Structures are given as structure tokens and as C-alpha cells.
Amino acid sequence: MSDEVASSMSEVSHSPRLDAKVPAGRLQEKWDAYKDAVSLVSPANKRSHNILVVGSGLAGASAAATLAGLGYNVKCFCIQDSARRAHSIAAQGGINAAKNYPNDGDTVWRLFYDTIKGGDYRSREANVYRLAQVSSNIIDQAVAQGVPFAREYGGVLANRSFGGAQVSRTFYARGQTGQQLLLGAYQALSHQIAAGRVTMLPRREMLDLVVAKDRARGIITRDLVTGELERHAGDAVLLCTGGYGNAYYLSTNAKNSNVTAAWRCYKRGAFFANPCYTQIHPTCIPVSGDYQSKLTLMSESLRNDGRVWVPKDPKDTRAPEAIPEDARDYYLERRYPSFGNLVPRDVASRAAKKECDAGRGVGETRLAVYLDFDAAIRRLGASSIQDRYGNLFEMYERITGDDPYRTPMRIYPAVHYTMGGLWVDYELQSTIPGLFVLGEANFSDHGANRLGASALMQGLADGYFVVPYTLGAYVAGIRQSEGISESHEAFAAAEEEAGARIDQMLNNKGDKSPTQFHRELGQLLWNHVGMARDRAGLEEAIPAIESLRDEFWERIHVPGSADRFNKNLEFAGRVADFIELGSLMAQDALRREESCGGHFREEYQTSEGEAVRNDEVFADVAAWEHTDRRPVLHLEKLSFENVHPSTRSYK
Amino acid sequence: MAKNMTINLRIWRQKSPESPGKLVDYTVSNASEHMSFLELLDVLNEQLIASEDDPVEFDSDCREGICGSCGLMVAGIAHGPQQRTAVCQLHMRSFKDGDTITVEPFRARAFPIVRDLVVDRSAFDRIITAHGYVSVKTGSAPDANAIPISKDAAEEAMDFAACIGCGACVAACPNGSASLFTAAKIAHLALLPQGQVEASRRVVAMVDQMEAEGFGDCSNYAECEAVCPKGISVSGIASMRRAYMKGAFSK
């Protein structure tokens, strides 16, 4: 580790730059108190404000639709050819809400508590409580839009249970909950496009944030069909661009998911918080070869009825059906009797790694464990299992050629979600005034680990019910006379920089493709900043990533030109940013000398292999500021006034 | 162990909407049966980049059959030979070593070609914008359990709501009709009480938009259902046509 990082780490006090603006008062009353006091913008004034929403996933589409409905002028951008294709669409299992329809004891408090605990006490109490409070409204809104959630015979909504909770609070639409919620939001967005309140700009990639007089003033985009660079001015920018899991190359993210928009904001002054918090999802289809372009998730809901096991004897290579009960180790049920197969994701992933590391992995690569439905099929019948998971079983069979009704699935953990992201305060505003960050792109609600069915909840909470209030507080304070137009020099400078970067990549004419660099970065991150990290590995990774960055600019080869549809040019720019981010992820992982949630440091574990947190020193948010030299660390100390951070136990 | 395969490809190459296109021959000699079809194209593109050639452009995103970005005519069939499968989940085990496979874009009057295998499907968005929604603003929703919906209705609505908007239905239709896509959204919303309120207005607006975009009419070939990766039923089209007649006359 460099001396500069070491010296910045000695400043462990709360940074004055990180005012979370959490309202005073009891936890239960903070959000109401905030809404009582927040400035309102009159309908006539809303019409004169232009809001830029970058991204059209659950957070972006819900924010754009809601703000337009309130009367703002909205421009919404997405990199896909249609707003309906944002990667939220791939979320399978469900969305949590504290409705307590099953009458099994759920409350707003319990959803809050489970989420804070699930996040391993590394999130901000007030944000998480608000999330739990608005969760019920999301379900109401989605049903009103026509989202076809699963129902009981009596016509009321059905619920299922999910990892990390002992109540059934997850609403679902088969294994396509993300798709249905996104289509609901997309249709709400389409309603506002029809009303003329939203201008939708698909196939646009944000290449820079324009900052002038210390505020976000707009963005630079590239039209991905013509290659043209465009300037868009706005009174506020809402970044809803998702997570950075694709830094690992292989992940469950879509091919176009990337960090570029967030990284450009970081380089313009927005702090990046907790980049080392990445979620490795336990139930994914294992890697099959070098050509692999992505990993496919099998919903966590499968763990409701599927039992995870490996052969007790590493040399037992019989077909799974031929292995008798007493030669199987149902290791999750053995190690965590009270939660069993429904332990949170980080715990389940590490447990699978532990079995495979000990040589008990199964399949051709030995990097897989079984997820077995035999007992559930015998208990409930194949048709019940088909009702619950039919489409997931079909998908598994399509990809692997195996039928999970007859033979257990083989699964292995894969990078899935990133809890880290741009730092935001209670209002979801970053350290750059006027830049708001929503959904997975921010760091705020999931701490060091996200519970299943909580990503959809957070994206929609931010877009439908939080930012419509908090944006008003900012907009009400804008002086119209200050308006900075697209002809301002800050726009010209940002556009020129974006163009120069593209030219540099195209003119380099090296000998390595963007994908080659991306795979190498992914390998480095998976090996050293993956499911388990240690000091030696991280200290090795940082210079290796930095030399990969230098090599990128020496050897990158991008085919084609800038003035056309050019997928490899898009990839190249994103890979360059992923490499820089990778270095920051490793630095953050090195600094956090504890194990918590998705961040597991080998040096900090119990003799049984459970994570050891250090609340004395690391109960904080690590927010990194970009400088021309090394990133500078700022800390937001987390205070727990309502819950007592305890050792997370799922035994 | 996975089998190694040699695959010959004939791929449609076209530089812009106006320029003429043609089929070009390529060979990938290190394909694997476990590869997806798009991964085969990835391998080909890396080969082309290494030989200073122009890679083949195609749309793809989630690669798990749900975003609807990908869409190719593979061996003359929208999304290829495996039924109920988007091309991103079509695996090479569906083919044999030494096969020659023709790959073309989704062709339709309303889907202009952008480049190579990439087409412009924004007409679909405009059909949804015409009225493929429930007019409800954020915050004005009653409790989610206030209106009971029978399990059967919710399941049937879900069958139609499963549409991924890929455009295979249009590409497979001899008339280039978007009837299955449009009918799926109309049926999804009409089956639910929340969508019933505007059902008549919706069907007229969406069908009129479909025609304005240059999609053809339905002649009951049902090719669309055969290629739909989500298996959406053509029964929605009949209901749509009935509702359209009723709606258009009562306007």
C-alpha cells in the first residue's frame, strides 16, 4: 500500500465533507418530519425545470415517470434500444414489503431490522428505516399499474419467503418479478412520454457529467447509432445507472451494464463509497469454458425448496442420484440449523467456496455444489414445484442440458450485485450538489450485503417515493438567473475530453481487444478481490491492476470508427473505467481490516470460518475522493441508536 | 468432456440502412457444444478483430432470455431451431460439427436495419406509448389487496405480460405484423380490473399506432406463436380484433 493511502487512513474521524443530513427526532418519525419541512416547488415552477434521468431501470424509469407526473420536464436516457430492456428486467425472485398480509408477525420495524442486520451493520439506520416504511406503497403502486403478481385462490396477493428473513414478505410474479415491475415502470414512463412530459433518448451513453460553479449542470452523451456527442443541460442530474459487477467480467449482469457514468461522476468530484462491497450470489450456473460471456443466476427463491449438498467423501464421483443420504453432507442445514438453506447470500456463497476448496466440489470443474429438489418433489409433487419454479427449471435445462426434475442442479457463486456506489446523503444527493444517485448506483441501503428481494424494493423506493420529495428541496433553492446553457464552456470542455478519449482509443491501433483486457481484469479481481480477500493478495492486485491500465492505453485495439454503431468502441471505454475502478475496489478492500457481509478478509474470521467484524474501528462508510494522485479517504461514521450491532448469527 | 465443433457461418453484413447488404462466409473452428449461439459470435468477433477485420454488430444484453435485446434469424428461423428460446439461450448442442448456419437480422418494413444484425425496433415503444399502460400516477394507488383478482385471471394476464418485446413475432410473420406483440399487452391489461377501465380506448389507440408504423395485418398464419420465446398465444389476437371493432365503432 502506498504511503499516501496509509496516511489518509490514520484520519479516522468523521469527515466534515460527509454530512448525511439525517433529520432529527425518533427513527420512526424522521421521514414524516422531513416531508413536513421540505420545500415544495409550485406546479408552475416545476414546468420550468429540466431534470435529466440517466438510466431506465427500476430506479430511473420510476423516477422519470413520477417526476414527469409531478410536472417537471424530464429527459430520460438509456443505453439499450428501448427503456424496457434495462437490467432490472432480469431480477427473478421477488420484492420485499412489510405488508404483513400473511399475518406472520411482520412489521416495518422487522423489515428495517432484517435489512440492517442482513447488511452486517454497515448501512445508515435512517435510510433503511425509510425504505421499510415506503415498501408497502410500492406494492400498491405496482398493482395499480397492472403488475400481475402471484395470487391466492381468494384473489389476494401471495407471498413467499426469502433468505435472511423468518417471515414471508416477498411478492413475486413467477420467476420474472423484475421484468413485471420494470414493465410497470416502463409503462408509467410511456404514459408520461405520451403526455409530452418525458423525452426519451434510447441508445445514448453518458460519457461525462458537466459541473460548473460547483453544481451538476448536465451531461455529455454519445448517440450509439450515429456516434455523435451531445450536450444536455439540466437543473439536476439523476444517476440511475446500476452497479459495477461487470468489473469482474463474468457476472450475472447484462453485457452492457457498466460503471462509466458513475465513474465519470467520481472523476468530477462525487465520492465513491464502499467499492469493495460486492455481492457474490450463491446460486448461479457454473462456468463451462473460456468463451463464457456471462453467468446466469438461478433465483434465490429456489433455496426455499432446494437442499444444498456435496458428497461427504471428495473421492465420491458417483452420479448424485446414486449417492445415498448418509454419504451426503447438507452442509448449510448442518452448520446453520435455524436458517438452513435460507441463510443470507454471503454466508451461502462462502460456505460453497469452503466445500469446493476442501475438494468436495462436484461436476467437471469441481467448482459446483448440488441444489437438490428431490425431497420437495416427493413432498409436494412435481406439479407444485413446476408452479413455483417452472420457468427457472426450464432455463436451467436449456443452458446445461440437464433436467432438474430428475437430477440435482449444479450451482456455484457468481458476482451479482454491488452494494458500494456513489456516496449519497439522506436526500440521495451526492457530494456534487444537483447530482442525485438512485438504486444500485448509490451505496446507501444495503450496507455490506444485500438481502434477496431488496434491490427491486430499493430501486423503486428511491424513484417513486424518495427522490420526488428530496429533489424538490434542491430545485426550490435554484436561482433561475444562474442557468448554465449548453453553450457554456464547461459543456464544451467536457465534450472535447470525451471526444479525445474516443480518438485516443481508436487511433492507438494496438494488438489487444477490449474483451481481452476485460477478461484479464476480471480474473485479477475474482482471484484477489473476490469471495475471500487477504492483505497479500490485495497488495499484489493493486500494482497488477495499475499496470493493466498502462498496458490498456499502450496496446488497446478498437476496430472501426467513431461515427457509427460500434460495440467494441463502447466496450473499450467501459473497460478503461472498470480497470480504474478495480484499483479502487482493491484499495478499499485493503483498508477495511475486518470481515463484513460480502467483504471477507481471510485474516478476520473465527476458527469456524465465520466473519469477524470490527465495530470499534470500521463502523463507517469509506467514501473515496478522486484526486490527480491517490484517492483520498473520507469517513462517515455510522451510529446505531436503534439497533445494537451484534454478531450476525443464522445458526 | 465438451465436444469441439467447427461451425461455418453465413452472416448478413450491411453498413447502414441505405447501403446494400450481403451474406459473408466465416468459419469458427473452436466452438463448443456448451457455448451459446451469441458466444459463438463473440468468438468469431475476437477472431475478426485479431485479423484487423470488422466485427459483426449485433444487439445483446442480459443473455438470459428476458431483456429481448437479441434477435437473429438463425437458419431461417427467428431465434433459431430450439422452441421457446431466445437466441442468447440457444446452445451449440442444437447443432452438429461441420454445420453451415445462415444468420440474418429480423427483417420487417417497420424494423429498419441499423448495421449488420442490428435493427431499429423503436416502433414497439411507440405502440406502448400509444396506450400500453394504465393511466395511474405515482401515489394514487389504493391498497394492493383492495381489489381481489382471481388466481386464474392473474395467471392468464401473466402469460401475456411475459412478452419480452424482441420482435421475433414480426420477423416470422409473412405480413410483418406486430399483432402478437400488441395483442399481448392489450390482453395482459384487459384481464386485470386495473386495466379494464381504459380497455376500449387502449385497443383502438394501440392498433391504430401499429398500422401507422407500417406493420402488416394478421392473416392467422400463427408463425408468431411458433417462434415466440415466451410461447405467447395467438388467442390474444382474436380478442384484440373483436375489441378493436367494438371500440372503433363506439368511438
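Start where the two chains meet: 65 residues of chain A are in contact with 64 residues of chain B. Contact here is a distance rule: two C-beta atoms, placed from the backbone, lie within 7 Å. Keep in mind that this is a predicted model; local features need pLDDT of at least 70, side-chain atom pairs count only at pLDDT 80 or more, and totals for chains, interfaces and linings use all residues. Residues are numbered from 1 along each chain as its sequence is written, while chains are lettered from A and ligands numbered from 1 in the order in which they are written.

By type, chain A's side divides into 26 nonpolar, 27 polar and 12 charged residues. The classes are these: Ala, Val, Leu, Ile, Met, Phe, Trp, Tyr, Cys and Pro are nonpolar; Asp, Glu, Lys and Arg are charged; the others, Gly among them, are polar.

Now the core. The largest nonpolar core has 292 residues. A core is a set of buried Ala, Val, Leu, Ile, Met, Phe, Trp, Tyr and Cys residues joined through C-beta atoms within 7 Å. Buried means 20 or more other C-beta atoms within 10 Å of a residue's own, exposed means 12 or fewer, and partly exposed is in between; again, C-beta atoms are placed from the backbone. α17(A) gives this core its largest share, 13 residues. Among the members that touch the most others are A:Leu422, A:Leu239 and, from the other chain, B:Val170. Take A:Leu422: leaving out residues up to four places away in sequence, its partners include A:Leu239, A:Phe272, A:Val437 and A:Phe443.

Next, one helix in chain A. In α5 (residues 108-118), the buried residues include A:Leu111, A:Phe112 and A:Ile116, but also A:Asp114 and A:Lys117. The buried residues of α5(A) pack against β3 (95-96) and α6 of chain A. After α5(A) comes A:Asp120, with a positive phi near 60 degrees.

On to chain B. Chain B has nine helices and seven strands. Its C-alpha trace spans about 60 × 45 × 35 Å along the principal axes. Of its 251 residues, 55% are buried. The domain assignment, which is automatic or from a database, gives domain 1 (4-104) and domain 2 (121-250). Their centres, taken over C-alpha atoms, are 30 Å apart. Across that boundary, 12 residues of domain 1 contact 10 residues of domain 2. Domain 1's side is six nonpolar, five polar and one charged.

Last, two backbone points. Most residues other than glycine have a negative phi. B:Asp116 has a positive one, near 45 degrees. B:Asp116 sits in the loop between β6 (113-115) and β7 (118-119) of chain B. B:Asn220 also has a positive phi, about 60 degrees, in the loop between α7 (199-212) and α8 (223-227) of chain B.

Buried or exposed? B:Asp116 counts as buried because it has 24 C-beta neighbours inside 10 Å. B:Asn220 has 9 other C-beta atoms within 10 Å, so B:Asn220 is exposed.

Key
Helix = DSSP H or I, 4+ residues; strand = E, 2+ residues; numbered from the N terminus.
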